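Please read the points below with the model open beside you, and look up each place as it is mentioned.

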Amino acid sequence: MSPAGAAPTANLPGSHDVDLEFSEADIQRYARHILLAEVGGTGQAKLRAARVLIVGAGGLGAPLLLYLAAAGVGTLGIVDNDTVALSNLQRQIAHSTDRVGQPKAASAAIAAAAINPGVALHPHAVRLSGANALALLADYDIVCDGTDNFAARYLLADACHLAGKTLISAAVLRFEGQLSVFRPAGRGTPCYRCLYPEAPPAGLVPSCGEAGVLGAVTGVMGTLQATEVLKEILGIGEALAGRLLLWDALATRFRVITLRRDPGCALCGDVPAIHDLSAHE
Ligand SMILES: [Zn+2]
């Protein structure tokens, strides 16, 4: 393959040596990527070598998983202990009417495999917990938060920081979405807790299940999240680490605000108070 687009290697912890051999079918499958100078054969090989964990196979996780599988990200893990419900199908496009009642992780894997049988899919039909989070994260380079509750968001933020994994976090509610990238400690960029130090009191911020969400809004945010995953793997463009994207769909307005690391942060600050996941047990 041509080394065109040999962009600076993504700073993935545990970055892999890439194999540039592709089958004729894969060269056709990824032709529109390989045409891009920023991707090329080398970038496509980096995508194949990458391992991404998606937590939540819902409104964000579904488009995220489908685009990463289509893009040829070689290993994809899906964590979700829920089953597909009829009320999910308005936005969770990896599931289908005939799979209502089936485990979501397996249902999402079926949809991803139908698009690209060449990627390794690992459905984990478990609930993320303080006890299993670090073991689940260990096999992956990048972790995506597609969860719908604060307990899981803070657990993932803490676990990714402690495990040195890049966290790509998206959230949606009603007609709005937000997205950011949190790099491991020591890279000078803020963590999730620099932005939101503590979870809001229970009941203060409604969930999508309580307040609703426009289905297409989850699709846009999950697809933006997929784009940031691909940028991180390829090491191209301007990273979203240290910045927060806010989208108001009703106003059709995107804003990007700069985030600063908080030296007093309980997780990544100069004197951190959080050293393990015991608070999440
Ligand atoms: Zn922090």
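1. Asn149 sits in the loop that runs between β4 (142–145) and α7, and since the model is a predicted one, this placement should be read as part of a prediction. In sequence Asn149 and Cys208 are 59 residues apart, while in space their C-alpha atoms are 9.3 Å apart.

2. Phe150 belongs to helix α7, which covers residues 150–163. The relative accessible area of Phe150 is 30%, so this residue is partly exposed. Together with Leu204 and Val205, Phe150 forms a nonpolar patch on the surface, and the accessible area of the three together is about 250 Å².

3. How are helix α4 and helix α5 packed, in terms of angle and of the distance between their axes? Helix α4 (residues 61–71) and helix α5 (residues 104–115) pack at an angle of about 30 degrees, and their axes are 9 Å apart. Angles under 35 degrees count as roughly parallel, and therefore α4 is described as roughly parallel to α5. The crossing of these two helices, α4 and α5, is right-handed.

4. Helix α4 also crosses helix α10 (residues 215–234), at roughly 40 degrees, with the two axes coming within 8 Å. The handedness of the crossing between α4 and α10 is right-handed.

How values were computed: Residues are numbered from 1 along each chain as its sequence is written. This is a predicted model: local features need pLDDT of at least 70, side-chain atom pairs count only at pLDDT 80 or more; totals for chains, interfaces and linings use all residues. Side-chain values use heavy atoms; hydrogens and water are left out. Patches are made of residues with over 30% relative accessible area and no salt bridge: like charges are joined within 9 Å, nonpolar side chains (Val, Leu, Ile, Met, Phe, Trp, Tyr) within 5 Å. Accessible areas come from the Shrake-Rupley method with a 1.4 Å probe; for residues, only the protein chains shown count as cover. A salt bridge is a side-chain nitrogen of Lys or Arg within 4 Å of a carboxyl oxygen of Asp or Glu. Helices (H or I, at least four residues) and strands (E, at least two) are DSSP runs, numbered from the N terminus. Buried means under 20% relative accessible area, exposed over 50%, partly exposed in between (1.4 Å probe, protein chains only). Axes are lines fitted to C-alpha atoms, for helices over the stretch in contact, and angles run from 0 to 180 degrees between N-to-C directions. Angles under 35 degrees count as roughly parallel, over 145 as roughly antiparallel, 65 to 115 as roughly perpendicular and the rest as oblique. A crossing is left-handed if the near helix is turned anticlockwise from the far one by less than a right angle, and right-handed if clockwise.
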